[in-house]
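Subject: Structure handover

Hello,

Here is the structure I promised to pass on. Please open it first, then read the notes below it.

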Amino acid sequence: MYKYVAKYFLINRVYKFCGATAFPSFLIGLVAFIFSAYFAIYILPADIEQNEIYRILFIHVPSAILSELIYIFLAVNGFIFLVWRTKIAAIFLNAAISIGLVYTAIVLMSGSIWGKPTWGTYWVWDARITSTFILLIQYIGLVALRSSFNSRQTADQILSIVAIIGAVNIPIIKFSVNWWNTLHQNASITTSGSAIDSEMLIALPMMLVSLLFMSFHIFARNIQYEILNRTGKTAMMREIING
Amino acid sequence: MIRKNRLNRIYLIFFFLLSLGAITFFSLKALEDNIDLYLTPTEVKESKIQDLENFKLGGMVKEDSLQMLEDLNVSFIVTDFENEIIVIYSGVLPNLFKENSGVVASGFLSKNEFIAYEILAKHDENYMPIKLEVQD
(Lines give C-alpha, C1' and ligand atoms only; values in the text may rest on other atoms or scores of the structure.)
Protein backbone atom coordinates (compact mmCIF):
# COMPACT_ATOMS: atom_id res chain seq x y z
CA MET A 1 0.00 0.00 0.00
CA TYR A 2 2.71 2.45 1.12
CA LYS A 3 4.92 1.75 -1.87
CA TYR A 4 1.96 2.01 -4.21
CA VAL A 5 1.03 5.49 -2.95
CA ALA A 6 4.60 6.71 -2.45
CA LYS A 7 5.60 6.41 -6.09
CA TYR A 8 3.14 9.16 -7.00
CA PHE A 9 4.68 11.48 -4.44
CA LEU A 10 8.32 11.36 -5.48
CA ILE A 11 9.87 14.79 -5.01
CA ASN A 12 10.67 15.38 -8.67
CA ARG A 13 7.21 14.23 -9.78
CA VAL A 14 5.53 16.57 -7.32
CA TYR A 15 7.80 19.43 -8.39
CA LYS A 16 6.95 18.94 -12.06
CA PHE A 17 3.24 18.52 -11.35
CA CYS A 18 3.15 21.74 -9.31
CA GLY A 19 5.02 23.63 -11.99
CA ALA A 20 2.62 22.44 -14.66
CA THR A 21 -0.63 23.04 -12.77
CA ALA A 22 0.05 26.20 -10.75
CA PHE A 23 -0.70 28.81 -13.40
CA PRO A 24 -3.67 27.06 -15.09
CA SER A 25 -5.19 26.55 -11.66
CA PHE A 26 -4.78 30.27 -10.93
CA LEU A 27 -6.48 31.19 -14.22
CA ILE A 28 -9.40 28.84 -13.61
CA GLY A 29 -9.70 30.13 -10.05
CA LEU A 30 -9.63 33.77 -11.10
CA VAL A 31 -12.29 33.32 -13.79
CA ALA A 32 -14.46 31.30 -11.41
CA PHE A 33 -13.96 33.91 -8.69
CA ILE A 34 -15.01 36.84 -10.88
CA PHE A 35 -17.97 34.83 -12.13
CA SER A 36 -19.16 33.77 -8.68
CA ALA A 37 -18.51 37.19 -7.14
CA TYR A 38 -20.62 38.77 -9.89
CA PHE A 39 -23.28 36.18 -9.19
CA ALA A 40 -23.17 36.78 -5.44
CA ILE A 41 -23.25 40.56 -5.69
CA TYR A 42 -25.56 41.28 -8.62
CA ILE A 43 -27.64 38.25 -9.55
CA LEU A 44 -28.78 36.71 -6.28
CA PRO A 45 -31.75 38.27 -4.46
CA ALA A 46 -31.33 40.17 -1.20
CA ASP A 47 -32.16 38.50 2.09
CA ILE A 48 -35.53 39.13 3.70
CA GLU A 49 -34.06 40.11 7.07
CA GLN A 50 -30.49 41.20 6.47
CA ASN A 51 -31.12 42.73 3.08
CA GLU A 52 -27.90 43.29 1.04
CA ILE A 53 -25.40 42.80 3.86
CA TYR A 54 -25.91 39.02 3.86
CA ARG A 55 -23.82 38.83 0.66
CA ILE A 56 -20.69 38.88 2.82
CA LEU A 57 -21.67 35.26 3.57
CA PHE A 58 -20.22 34.25 0.22
CA ILE A 59 -16.71 35.18 1.32
CA HIS A 60 -17.16 34.45 5.04
CA VAL A 61 -18.42 30.87 4.82
CA PRO A 62 -16.02 29.50 2.14
CA SER A 63 -13.07 31.03 4.04
CA ALA A 64 -14.30 29.46 7.26
CA ILE A 65 -14.62 26.06 5.59
CA LEU A 66 -11.15 26.38 4.06
CA SER A 67 -9.46 27.61 7.25
CA GLU A 68 -10.66 24.47 9.03
CA LEU A 69 -10.03 22.09 6.11
CA ILE A 70 -6.47 23.37 5.73
CA TYR A 71 -5.84 22.84 9.42
CA ILE A 72 -7.07 19.24 9.14
CA PHE A 73 -4.75 18.88 6.14
CA LEU A 74 -1.84 20.13 8.25
CA ALA A 75 -2.61 17.66 11.02
CA VAL A 76 -2.97 14.73 8.60
CA ASN A 77 0.35 15.57 6.98
CA GLY A 78 1.95 15.95 10.39
CA PHE A 79 0.65 12.49 11.25
CA ILE A 80 1.99 10.98 8.03
CA PHE A 81 5.36 12.65 8.55
CA LEU A 82 5.68 11.42 12.12
CA VAL A 83 4.70 7.84 11.27
CA TRP A 84 6.28 7.25 7.86
CA ARG A 85 8.98 9.98 7.98
CA THR A 86 8.19 10.96 4.39
CA LYS A 87 9.71 14.29 3.43
CA ILE A 88 6.90 15.15 1.07
CA ALA A 89 4.37 15.26 3.92
CA ALA A 90 6.53 17.80 5.73
CA ILE A 91 6.78 19.82 2.53
CA PHE A 92 2.98 19.81 2.15
CA LEU A 93 2.63 20.84 5.77
CA ASN A 94 5.03 23.76 5.42
CA ALA A 95 3.45 24.88 2.16
CA ALA A 96 -0.12 25.03 3.47
CA ILE A 97 0.37 26.97 6.73
CA SER A 98 0.38 30.47 5.30
CA ILE A 99 -2.75 29.83 3.21
CA GLY A 100 -4.68 28.69 6.26
CA LEU A 101 -3.47 31.76 8.16
CA VAL A 102 -4.82 34.07 5.45
CA TYR A 103 -8.22 32.36 5.38
CA THR A 104 -8.55 32.49 9.15
CA ALA A 105 -7.75 36.21 9.07
CA ILE A 106 -10.36 36.70 6.32
CA VAL A 107 -13.00 34.84 8.36
CA LEU A 108 -12.42 37.00 11.42
CA MET A 109 -12.33 40.26 9.47
CA SER A 110 -15.36 39.55 7.29
CA GLY A 111 -17.25 38.29 10.33
CA SER A 112 -16.38 41.49 12.17
CA ILE A 113 -17.58 43.64 9.31
CA TRP A 114 -20.74 41.54 9.08
CA GLY A 115 -21.32 41.68 12.82
CA LYS A 116 -21.51 45.45 13.19
CA PRO A 117 -24.59 46.09 11.04
CA THR A 118 -26.42 42.90 12.00
CA TRP A 119 -25.61 42.07 15.63
CA GLY A 120 -24.61 45.59 16.59
CA THR A 121 -20.99 44.86 17.52
CA TYR A 122 -17.70 44.13 15.80
CA TRP A 123 -16.54 41.63 18.35
CA VAL A 124 -17.97 39.55 21.16
CA TRP A 125 -16.17 36.82 23.10
CA ASP A 126 -18.59 34.02 22.35
CA ALA A 127 -17.47 30.42 21.88
CA ARG A 128 -17.42 30.40 18.07
CA ILE A 129 -15.50 33.63 17.68
CA THR A 130 -13.06 32.89 20.50
CA SER A 131 -12.25 29.41 19.18
CA THR A 132 -11.69 30.81 15.67
CA PHE A 133 -9.43 33.45 17.19
CA ILE A 134 -7.48 30.65 18.87
CA LEU A 135 -7.15 28.99 15.44
CA LEU A 136 -5.62 32.22 14.13
CA ILE A 137 -3.11 32.20 16.99
CA GLN A 138 -2.32 28.55 16.22
CA TYR A 139 -1.54 29.44 12.61
CA ILE A 140 0.62 32.39 13.69
CA GLY A 141 2.41 30.04 16.09
CA LEU A 142 3.09 27.54 13.29
CA VAL A 143 4.47 30.28 11.04
CA ALA A 144 6.72 31.44 13.86
CA LEU A 145 7.85 27.87 14.63
CA ARG A 146 8.76 27.20 11.01
CA SER A 147 11.75 29.50 11.14
CA SER A 148 12.74 28.95 14.76
CA PHE A 149 15.00 25.95 14.32
CA ASN A 150 18.40 25.51 12.76
CA SER A 151 17.73 21.91 11.81
CA ARG A 152 14.98 21.37 9.26
CA GLN A 153 14.34 17.85 10.53
CA THR A 154 13.64 19.18 14.05
CA ALA A 155 11.47 21.98 12.69
CA ASP A 156 9.36 19.53 10.69
CA GLN A 157 8.90 17.21 13.67
CA ILE A 158 7.93 20.01 16.04
CA LEU A 159 5.57 21.48 13.42
CA SER A 160 3.91 18.08 12.97
CA ILE A 161 3.42 17.59 16.70
CA VAL A 162 2.05 21.11 17.19
CA ALA A 163 -0.26 20.73 14.18
CA ILE A 164 -1.65 17.46 15.60
CA ILE A 165 -2.16 18.98 19.06
CA GLY A 166 -3.96 21.97 17.56
CA ALA A 167 -6.39 19.75 15.66
CA VAL A 168 -8.31 19.39 18.94
CA ASN A 169 -9.61 22.90 18.30
CA ILE A 170 -11.31 21.99 15.01
CA PRO A 171 -14.29 20.05 16.47
CA ILE A 172 -14.57 22.76 19.13
CA ILE A 173 -14.97 25.43 16.44
CA LYS A 174 -17.41 23.27 14.51
CA PHE A 175 -19.66 22.39 17.46
CA SER A 176 -19.19 25.54 19.55
CA VAL A 177 -22.56 26.90 18.42
CA ASN A 178 -24.32 23.69 19.51
CA TRP A 179 -22.55 23.13 22.82
CA TRP A 180 -22.75 26.62 24.26
CA ASN A 181 -24.90 29.75 24.16
CA THR A 182 -23.39 31.94 21.48
CA LEU A 183 -24.27 35.08 19.58
CA HIS A 184 -23.20 33.36 16.37
CA GLN A 185 -26.06 31.45 14.77
CA ASN A 186 -26.09 27.70 14.18
CA ALA A 187 -24.81 26.10 10.99
CA SER A 188 -27.02 26.81 7.99
CA ILE A 189 -25.93 23.79 5.99
CA THR A 190 -26.22 20.50 7.83
CA THR A 191 -26.77 16.89 6.89
CA SER A 192 -30.53 17.49 7.05
CA GLY A 193 -30.38 20.16 4.34
CA SER A 194 -29.74 23.83 3.85
CA ALA A 195 -31.39 26.69 5.74
CA ILE A 196 -30.22 29.01 2.98
CA ASP A 197 -32.86 29.21 0.28
CA SER A 198 -31.84 27.24 -2.82
CA GLU A 199 -32.19 30.39 -4.89
CA MET A 200 -29.39 32.03 -2.88
CA LEU A 201 -27.22 28.98 -2.24
CA ILE A 202 -25.70 28.57 -5.70
CA ALA A 203 -22.87 31.12 -5.31
CA LEU A 204 -21.54 29.37 -2.20
CA PRO A 205 -20.15 26.18 -3.84
CA MET A 206 -19.00 28.29 -6.81
CA MET A 207 -17.04 30.57 -4.51
CA LEU A 208 -15.63 27.61 -2.59
CA VAL A 209 -14.37 25.96 -5.80
CA SER A 210 -12.83 29.20 -7.07
CA LEU A 211 -11.03 29.78 -3.77
CA LEU A 212 -9.82 26.15 -3.83
CA PHE A 213 -8.27 26.66 -7.28
CA MET A 214 -6.67 29.96 -6.32
CA SER A 215 -5.28 28.51 -3.10
CA PHE A 216 -3.93 25.54 -5.01
CA HIS A 217 -1.91 27.95 -7.11
CA ILE A 218 -0.26 29.41 -4.01
CA PHE A 219 0.06 25.95 -2.46
CA ALA A 220 1.83 24.60 -5.57
CA ARG A 221 4.25 27.54 -5.66
CA ASN A 222 4.93 27.12 -1.94
CA ILE A 223 5.66 23.42 -2.51
CA GLN A 224 8.10 24.27 -5.28
CA TYR A 225 9.79 26.78 -3.01
CA GLU A 226 10.07 24.22 -0.22
CA ILE A 227 11.47 21.56 -2.56
CA LEU A 228 14.04 23.95 -4.03
CA ASN A 229 15.01 25.08 -0.57
CA ARG A 230 15.58 21.52 0.58
CA THR A 231 16.95 19.72 -2.44
CA GLY A 232 17.77 22.50 -4.93
CA LYS A 233 21.48 21.73 -4.86
CA THR A 234 21.19 18.03 -5.72
CA ALA A 235 22.03 16.83 -9.21
CA MET A 236 18.51 15.46 -9.75
CA MET A 237 16.87 18.81 -9.08
CA ARG A 238 19.41 20.72 -11.19
CA GLU A 239 18.49 18.50 -14.07
CA ILE A 240 14.79 19.28 -13.64
CA ILE A 241 15.31 23.02 -13.19
CA ASN A 242 17.57 23.35 -16.21
CA GLY A 243 15.05 21.37 -18.28
CA MET B 1 1.94 -4.89 5.78
CA ILE B 2 2.69 -1.99 8.02
CA ARG B 3 6.04 -2.15 9.78
CA LYS B 4 6.25 -2.69 13.52
CA ASN B 5 7.94 0.61 14.42
CA ARG B 6 5.47 2.57 12.32
CA LEU B 7 2.56 0.79 13.96
CA ASN B 8 4.01 1.70 17.36
CA ARG B 9 4.18 5.34 16.35
CA ILE B 10 0.56 5.24 15.16
CA TYR B 11 -0.52 3.79 18.53
CA LEU B 12 1.52 6.45 20.31
CA ILE B 13 -0.07 9.31 18.38
CA PHE B 14 -3.59 7.94 18.85
CA PHE B 15 -3.03 7.48 22.56
CA PHE B 16 -1.64 11.02 22.68
CA LEU B 17 -4.66 12.43 20.83
CA LEU B 18 -7.06 10.46 23.01
CA SER B 19 -5.60 11.84 26.23
CA LEU B 20 -5.45 15.32 24.72
CA GLY B 21 -9.12 15.03 23.77
CA ALA B 22 -10.02 13.90 27.27
CA ILE B 23 -8.10 16.81 28.84
CA THR B 24 -9.82 19.30 26.56
CA PHE B 25 -13.21 17.74 27.18
CA PHE B 26 -12.94 17.91 30.95
CA SER B 27 -11.49 21.40 31.06
CA LEU B 28 -14.24 22.70 28.76
CA LYS B 29 -16.81 20.85 30.85
CA ALA B 30 -15.48 22.56 33.97
CA LEU B 31 -15.53 25.96 32.31
CA GLU B 32 -18.97 25.44 30.79
CA ASP B 33 -20.66 28.26 32.70
CA ASN B 34 -17.96 30.73 31.76
CA ILE B 35 -17.99 29.86 28.08
CA ASP B 36 -21.72 30.47 27.70
CA LEU B 37 -22.15 33.99 26.41
CA TYR B 38 -25.45 34.69 28.14
CA LEU B 39 -27.95 33.39 30.69
CA THR B 40 -31.51 32.54 29.75
CA PRO B 41 -34.36 33.92 31.92
CA THR B 42 -34.80 30.47 33.50
CA GLU B 43 -31.11 30.32 34.43
CA VAL B 44 -31.37 33.82 35.89
CA LYS B 45 -34.34 32.78 38.05
CA GLU B 46 -32.52 29.67 39.27
CA SER B 47 -29.21 31.36 40.04
CA LYS B 48 -28.84 33.85 42.83
CA ILE B 49 -27.76 36.85 40.84
CA GLN B 50 -27.86 39.95 43.00
CA ASP B 51 -29.16 43.35 42.00
CA LEU B 52 -26.63 45.52 40.15
CA GLU B 53 -24.47 42.49 39.25
CA ASN B 54 -23.41 42.63 35.60
CA PHE B 55 -24.28 39.76 33.29
CA LYS B 56 -25.65 39.07 29.82
CA LEU B 57 -29.25 38.03 29.33
CA GLY B 58 -30.28 36.19 26.18
CA GLY B 59 -33.50 34.90 24.69
CA MET B 60 -36.31 35.81 22.34
CA VAL B 61 -38.09 39.14 22.27
CA LYS B 62 -41.69 38.32 23.18
CA GLU B 63 -44.32 39.17 20.62
CA ASP B 64 -46.20 42.45 21.22
CA SER B 65 -43.99 43.30 24.18
CA LEU B 66 -41.87 46.02 22.58
CA GLN B 67 -42.82 49.47 23.82
CA MET B 68 -41.25 52.69 22.68
CA LEU B 69 -41.18 55.12 25.60
CA GLU B 70 -40.22 58.79 25.46
CA ASP B 71 -36.80 59.73 24.05
CA LEU B 72 -34.85 56.64 23.01
CA ASN B 73 -36.09 54.52 25.88
CA VAL B 74 -37.56 51.14 25.02
CA SER B 75 -38.85 48.27 27.07
CA PHE B 76 -39.51 44.71 26.00
CA ILE B 77 -39.80 41.23 27.44
CA VAL B 78 -37.12 38.57 26.95
CA THR B 79 -38.50 35.05 27.09
CA ASP B 80 -37.19 31.50 26.75
CA PHE B 81 -40.81 30.26 26.62
CA GLU B 82 -40.68 29.27 30.30
CA ASN B 83 -39.73 32.42 32.14
CA GLU B 84 -39.75 36.08 31.22
CA ILE B 85 -37.78 39.16 32.24
CA ILE B 86 -38.66 42.76 31.47
CA VAL B 87 -35.77 44.67 29.89
CA ILE B 88 -35.39 48.45 29.87
CA TYR B 89 -32.93 50.03 27.52
CA SER B 90 -32.01 53.49 26.37
CA GLY B 91 -30.19 53.84 23.09
CA VAL B 92 -30.13 52.80 19.47
CA LEU B 93 -31.27 49.26 18.70
CA PRO B 94 -29.37 47.12 16.15
CA ASN B 95 -30.93 46.65 12.73
CA LEU B 96 -31.97 43.06 13.21
CA PHE B 97 -33.64 43.69 16.55
CA LYS B 98 -37.33 42.83 16.36
CA GLU B 99 -40.06 40.87 18.05
CA ASN B 100 -39.89 37.07 17.83
CA SER B 101 -36.17 37.28 17.21
CA GLY B 102 -33.12 36.55 19.34
CA VAL B 103 -31.45 39.15 21.53
CA VAL B 104 -28.45 39.33 23.89
CA ALA B 105 -28.55 42.19 26.41
CA SER B 106 -25.73 43.27 28.74
CA GLY B 107 -26.81 44.90 31.98
CA PHE B 108 -27.97 44.20 35.52
CA LEU B 109 -31.08 43.39 37.50
CA SER B 110 -32.81 46.09 39.49
CA LYS B 111 -36.10 45.30 41.24
CA ASN B 112 -36.72 42.31 38.94
CA GLU B 113 -36.27 44.44 35.85
CA PHE B 114 -33.20 44.13 33.66
CA ILE B 115 -31.53 47.46 32.95
CA ALA B 116 -29.54 47.01 29.75
CA TYR B 117 -26.68 49.18 28.55
CA GLU B 118 -25.98 47.22 25.37
CA ILE B 119 -28.33 45.29 23.10
CA LEU B 120 -27.08 42.83 20.48
CA ALA B 121 -29.36 41.17 17.97
CA LYS B 122 -28.98 37.42 17.43
CA HIS B 123 -30.13 36.25 14.05
CA ASP B 124 -31.02 32.74 13.00
CA GLU B 125 -29.45 30.54 10.34
CA ASN B 126 -32.26 30.96 7.82
CA TYR B 127 -31.83 32.97 4.65
CA MET B 128 -34.81 33.76 2.44
CA PRO B 129 -34.90 35.93 -0.67
CA ILE B 130 -36.96 39.11 -0.69
CA LYS B 131 -39.90 38.65 -3.00
CA LEU B 132 -40.46 42.02 -4.55
CA GLU B 133 -44.13 42.57 -5.08
CA VAL B 134 -44.75 43.82 -8.56
CA GLN B 135 -47.42 46.50 -8.63
CA ASP B 136 -49.21 47.39 -11.82
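**Binding site and pocket**

The UniProt annotation "binding site", from an unreviewed entry, covers His123(B) and Tyr127(B). UniProt positions follow the numbering used here, feature names are shortened, and annotations may be inferred rather than shown by experiment. The lining of the largest pocket includes both His123(B) and Tyr127(B). (On a 1 Å grid over the protein atoms alone, a pocket is an open set of points with protein on both sides within 12 Å along at least five of seven lines; lining residues have an atom within 4 Å of a point.) His123(B) sits in the segment after strand 6 (113–122) of chain B. Helices (H or I, at least four residues) and strands (E, at least two) are DSSP runs, numbered from the N terminus.

**Ground rules**

This is a predicted model: local features need pLDDT of at least 70, side-chain atom pairs count only at pLDDT 80 or more, and totals for chains, interfaces and linings use all residues. Residues are numbered from 1 along each chain as its sequence is written, chains are lettered from A and ligands numbered from 1 in the order written, and side-chain values use heavy atoms, leaving out hydrogens and water.

**The interface**

Chain A brings 43 residues to the contact and chain B brings 36 (heavy atoms within 4.5 Å). About 3600 Å² is buried between them, with 62% from carbon and sulfur atoms. That area is the accessible area (1.4 Å probe) that two parts lose on being put together, summed over both. Glu49(A), Trp180(A) and Asn181(A) supply 18% of what chain A buries against chain B, more than any other three residues.

The whole structure has seven salt bridges over all chains. (A side-chain nitrogen of Lys or Arg must lie within 4 Å of a carboxyl oxygen of Asp or Glu.) Glu49(A) is in the loop between helix 2 (11–43) and helix 3 of chain A, and Lys98(B) is in the loop between strand 4 (84–90) and strand 5 (102–110) of chain B, so this pair joins two chains. The closest N and O atoms of Glu49(A) and Lys98(B) are 3.2 Å apart. The interface of chain A and chain B has one salt bridge.

UniProt's unreviewed entry marks "transmembrane region" on chain A at several spans, among them 21–44 and 91–115. Residues 21–44 of chain A are 96% helix, with end C-alpha atoms 32 Å apart. Residues 91–115 of chain A are 100% helix, with end C-alpha atoms 37 Å apart.

Best wishes

Notes. On a 1 Å grid over the protein atoms alone, a cavity is a set of points where a 1.4 Å probe fits but cannot get out, and a pocket is an open set with protein on both sides within 12 Å along at least five of seven lines; lining residues have an atom within 4 Å of a point.
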